[in-house]
Amino acid sequence: MEVEEWVMGHETAQNMLRRIGPRTTGLAPLVPALQRIVNLHGRHVVEVAGASGSAKSEFLLQAAVKCLLPKQGYDGWDGGVLWFDLDGHFDVLRLVRLLQAHIHQEARRRYEEGNEEEDEMEDGEQVLETCMERFFYTRCYSSLEFISALKSSRNHLLRAQTCGKGFRILVIDSIAAFYWLDRSAPFKGGAGNPSLSLQGAMQAVVRELKELRKLSQPTGLLVMASKCNIYSSNFSDTNDWASGLRKDNRQVDSAHEKDSRRSGLQQREFMPAVWQEFITHRLLLQSKVADGTETLFSAEWLRPALLNVDEFTINDTGFMLTNR
Amino acid sequence: MRFSNECKNASGNRGSWRTISSHRLREVHLDKLLEGGLREGTVTELVGGSSSGKTQVCMQVAASVAYRCRAMVGFVDTCHSFSATRLSHMLGGLVGGRDAVQRRVGAADEIGDAMKSIMHYSIFDIFPMLSFLNQLHTTLSVQVQSMEEKVMRLLIVDCASSVISPILGGIPGHALMVSMGIILKKLALENHLAVLITNHTVGGEGGHPKPALGETWKAMPSVRLLLARDFSSNLCHATVMKHTSMVRH
């Protein structure tokens, strides 16, 4: 009977977890030091915000390294990484050094456990090569180039998926790199008039990212973006009458102003509303003045709002927590 | 070529590094501070107060690269502080021997060659600067490299802040500053130049000087060095940003 069917439902919760579980819950954290509570998987969009020099690109690099490494032994995601470098700060040697550090650590662990040692060297080289083959890097010098690069990576994504190794992470280093350029472009309103203003560019970017995420079902595509602070903490901009940006910011400001006030300093949110609605997680990084020889960084999750602030330092194998 | 074996490993990805060379500077401590020298593909910023030696360091770097690496150097001078006589003295010091008698045969030729490979440009405004940088990018991109000719390896912009500060303020000013930053990075990455720019300092919070030109410019260079002169000696500190590792004092 219909009522009976309606009461019984389509599947039990156990079946549903069995269906989608491996895709979301079976994944190791990308940056274990900062992800003790927050778990990231393919349907999330993470924004890492902070002032210049606060280890945002380093965070993205560590996450990318963890994603490239294979599952066995390294606890990685075994997937490809699409890296969009918008501010030219990527260093391939640092990536190689991080991968080598992880491989050496694993080799040492295997040696200590008394397993086979002869194939270690070639094994390590093999792992390094497969990891580097899965890393794709694009450099863009304007918003238009970025949007066209996103469009052309659709084919790439589909091709990689048919080969078996799909892309798991899409990294954008500094989503705010062209902020001032886009803001100085003249704003033309209206839905049928695509413009290269900040709103138009961000709308196109978000549209492309959603499209790419749709294409990478069922594993999903985790989007991680870093955002550098444009305004220093005591800056007051009285100049933005143009383009109605202020109105938009004010409307959505309530949720994000609460975020920033909790963190104790006024981080002024300057990205347009369409981007602010797209992100699901926000992490705030800060660098502290060091008294010794090492620089301390602090991390705080703004969304989901966790109250504790982690302090960590950086070395080749990852972030090391210091406040435990 | 310190990083060449790592480069072989990295050849599997789509990055565009063929060789990465570091230009070794004369002062050993500066080399050590920068972990090998000025890298191609990066923008290095020298920050310092007035008369802290920024122009001297720039000229020394230009002399060293022109003489040792046999490469062309572009020196963009925006504040009329370049002095050819001082440069020739520095080159004389590099070639060896202060006394004319002590110099070996052909040293004058070497100095002359090195001087010829340092191109000096005087630009005092942001728009000529942007058009010059774009033109340089086009010229270097279409240049066919032959074995005898020298390639430009280093670009120095002495006092980038003196062309940017007058126009900074409001949205169009920031946009021009960002576009200058983008073209400098494009030159560094695509034409394989090491770019060295200088910046002056302004008063920050607590009395500590901070680099001028604001937060947006702070994110632009990859490496930043703070120069402070201590009356008798010249102290060099590396601060703020270096994306491969953090260096402190």
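Which residues does A:S226 touch, not counting residues up to four places away in sequence? In this predicted model, the residues that A:S226 touches are A:V48, A:K56, A:L60, A:I172, A:D173, A:S174 and A:I175. A:S226 lies in strand β5 of chain A, which runs over residues 222-228. Its relative accessible area is 1%. Buried means under 20% relative accessible area, so A:S226 is buried.

**Two residues with positive phi**

One of the residues touched by A:S226 is A:S174. A:S174 has a positive phi of about 70°, although it is not a glycine. Its place is in the loop between β4 (167-173) and α8 (179-183) of chain A. A:S174 has 5% relative accessibility and therefore counts as buried.

A:D78 is not a glycine either, and has a positive phi of about 60°. This residue is found in the loop between α4 (71-74) and β2 (80-85) of chain A. Is A:D78 buried or partly exposed? With a relative accessible area of 23%, A:D78 is partly exposed.

The table sets out values for each chain.

| Item | Chain A | Chain B |
|---|---|---|
| Helices and strands | eleven helices and nine strands | nine helices and ten strands |
| Buried residues | 52% of the 324 residues | 51% of the 249 residues |
| Accessible surface | about 15800 Å² | about 11800 Å² |
| Carbon and sulfur part of the surface | 51% | 54% |

Contacts can also be sorted by how far apart the residues are in sequence. Among the contacts in chain A with a separation of 6 or more, 72% are accounted for by residues 24 or more positions apart. For chain B, the corresponding share is 69%.

**A helix pair in chain A**

Two packed helices are described by the angle between their axes and the distance between the axes. In chain A, helix α3 (residues 56-68) and helix α5 (residues 92-112) pack at an angle of about 50°, and their axes are 10 Å apart. Angles under 35 degrees count as roughly parallel, and 65 to 115 as roughly perpendicular. The helices α3(A) and α5(A) are therefore oblique to each other. Their crossing is right-handed.

On the side of α3(A), the residues that meet α5(A) are A:E58, A:L61, A:Q62, A:V65 and A:L68. Their partners in α5(A) are A:R94, A:L95, A:L98, A:L99 and A:H102. By type, the residues of this contact divide into six nonpolar, two polar and two charged.

**A helix pair in chain B**

In chain B, helix α3 (residues 54-68) packs with helix α4 (residues 84-95). The angle between them is about 50°, and the axes lie 9 Å apart. That angle makes α3(B) oblique to α4(B). The crossing of α3(B) and α4(B) is right-handed.

Which residues of α3(B) and α4(B) make the contact? From α3(B) come B:Q56, B:M59, B:Q60, B:A63, B:S64, B:Y67 and B:R68. From α4(B) come B:R86, B:L87, B:M90, B:L91, B:L94 and B:V95. The residues of the contact of α3(B) with α4(B) comprise eight nonpolar, three polar and two charged.

Methods. Residues numbered from 1 in each chain as written. Chains lettered and ligands numbered in written order. Predicted model: local features only at pLDDT ≥ 70, side-chain atom pairs only at ≥ 80, totals over all residues. Heavy atoms only, no water. Axes fitted to C-alpha atoms, helices over the stretch in contact; angles between N-to-C directions. Helix = DSSP H or I, 4+ residues; strand = E, 2+ residues; numbered from the N terminus. Parallel < 35°, antiparallel > 145°, perpendicular 65-115°, else oblique. Left-handed = near helix turned anticlockwise from the far one by under 90°. Contact = heavy atoms within 4.5 Å. Nonpolar A, V, L, I, M, F, W, Y, C, P; charged D, E, K, R; others polar. Buried < 20%, exposed > 50% of the residue type's maximum accessible area, 1.4 Å probe, protein only. Areas by Shrake-Rupley, 256 points an atom, 1.4 Å probe, with all protein chains shown as cover.
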